Amino acid sequence: NSDKWIQYGGWVKQQNIKLYISDHINTEYYIVFDSDCYLTKKSSIHDLFKNNKPIVNLMHKHKNKWLLKSCEYFKINYEDIPDPIMNVTPNIFKTSIVKELLKDHNNIPRLINDGCNEFYLYFCYLLTKYKFEDIYFLGHNKCLEHCCKEKNRNQNINKQLSGNGIWIENNINGNLDNAIRE
């Protein structure tokens with residue numbers, strides 16, 4: 001139903017799309033990239049998985065509004081969260097867990113609009129239902145290490161265009177409203 005999306009701005013819509021796309025995913029996992037991310041080196045499935053688990057993109061725990069708001073919603077004490085934590089984009093979502101999250105919590109668009117984000121909602125939900133290390137391999141993700149964000153975009157694009165890697169850019173904000181309504 002597209003009417004429920006009209007009230008939200010583009011930033012909230014694009015975060016919701018990363019979760020609600022799970023209804024159209026036919027694989028056990030999917031990679032979530034923001035539109036300002038792109039790979040700078042060739043990568044393969046072997047760079048993404050170890051011991052049949054996805055290698056999670058990690059970062060050191062720090063207090064930020066999205067994580068704190070997600071902890072508040074799921075009634076998780078911030079101090080009880082292990083360090084390191086799941087990083088934001090890019091990262092790998094387990095399709096079935098995203099679908100569970102959406103089924104168990106039908107207020108995700110409002111939560112994101114009120115200060116949570118898709119990655120920390122997923123992460124906190126995962127912590128309430130599963131052992132993180134049962135789902136993810138906590139190691140070094142070579143593929144996601146080679147992902148660049150916008151702050152270095154011009155410098156990295158010049159390097160990329162002269163190399164043999166993959167360059168992906170997507171103008172999600174320009175087409176987002178039409179994508180949601182279709």
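A word on ground rules before moving on. This is a predicted model, where local features need pLDDT of at least 70 and side-chain atom pairs count only at pLDDT 80 or more, while totals for chains, interfaces and linings use all residues. Residues are numbered from 1 along each chain as its sequence is written, and side-chain values use heavy atoms, with hydrogens and water left out.

**Stop 1: Asn87**

Stay on Asn87, in the loop between β6 (85–86) and β7 (91–94). Helices (H or I, at least four residues) and strands (E, at least two) are DSSP runs, numbered from the N terminus. Asn87 counts as buried because its relative accessibility is 17%; the classes are buried under 20% relative accessible area, exposed over 50%, and partly exposed in between, with a 1.4 Å probe and protein chains only. Now draw a distance from the C-alpha of Asn87 to that of Met59: the two are 28 residues apart along the chain, yet the separation is 5.3 Å.

**Stop 2: Thr95**

Next, pick Thr95 in helix α4 (residues 95–104). With a relative accessible area of 4%, Thr95 is buried. Follow its side chain to the backbone oxygen of Thr27, which lies 2.8 Å away. Leaving out residues up to four places away in sequence, Thr95 touches Ser22, Ile25, Thr27, Glu28, Tyr29 and Tyr30.

**Stop 3: the salt bridges**

Time for some charges. Side chains of opposite charge can pair when their charged atoms come close. Taking a salt bridge as a side-chain nitrogen of Lys or Arg within 4 Å of a carboxyl oxygen of Asp or Glu, you get seven of them here.

Start with Asp34 and Lys18, whose closest N and O atoms are 2.2 Å apart. Asp34 sits in the loop between β1 (29–32) and β2 (38–39), and Lys18 in helix α2 (residues 10–20), so this pair ties together parts 16 residues apart in sequence. Are these two buried or exposed? Both Asp34 and Lys18 are buried.

Then jump to Lys63 and Glu79, with closest N and O atoms 3.8 Å apart. Lys63 is in the loop between β5 (58–59) and α3 (65–74) and Glu79 in the loop between α3 and β6, so here too the pair ties together parts 16 residues apart in sequence. Lys63 and Glu79 are both exposed.

One more: Lys131 and Glu133 meet in a salt bridge at 3.8 Å, N to O. Lys131 counts as exposed at 51% relative accessibility, whereas Glu133 is partly exposed at 36%.

**Stop 4: helix α2**

Go back to the helix that holds Lys18 and select all of α2. Eight of its 11 residues are buried, so α2 is largely enclosed by the rest of the structure. Among the buried ones are Val12, Gln15, Leu19 and Tyr20.

**Last stop: zoom out**

Show the whole protein chain, with its 10 helices and eight strands. Of its 182 residues, 45% count as buried. Take the contacts between residues at least 6 apart in sequence: 80% join residues at least 24 apart.

Technical notes:
Polar contact = N/O pair within 3.5 Å; in protein donor to acceptor, adjacent residues only side chain to side chain. Contact = heavy atoms within 4.5 Å.
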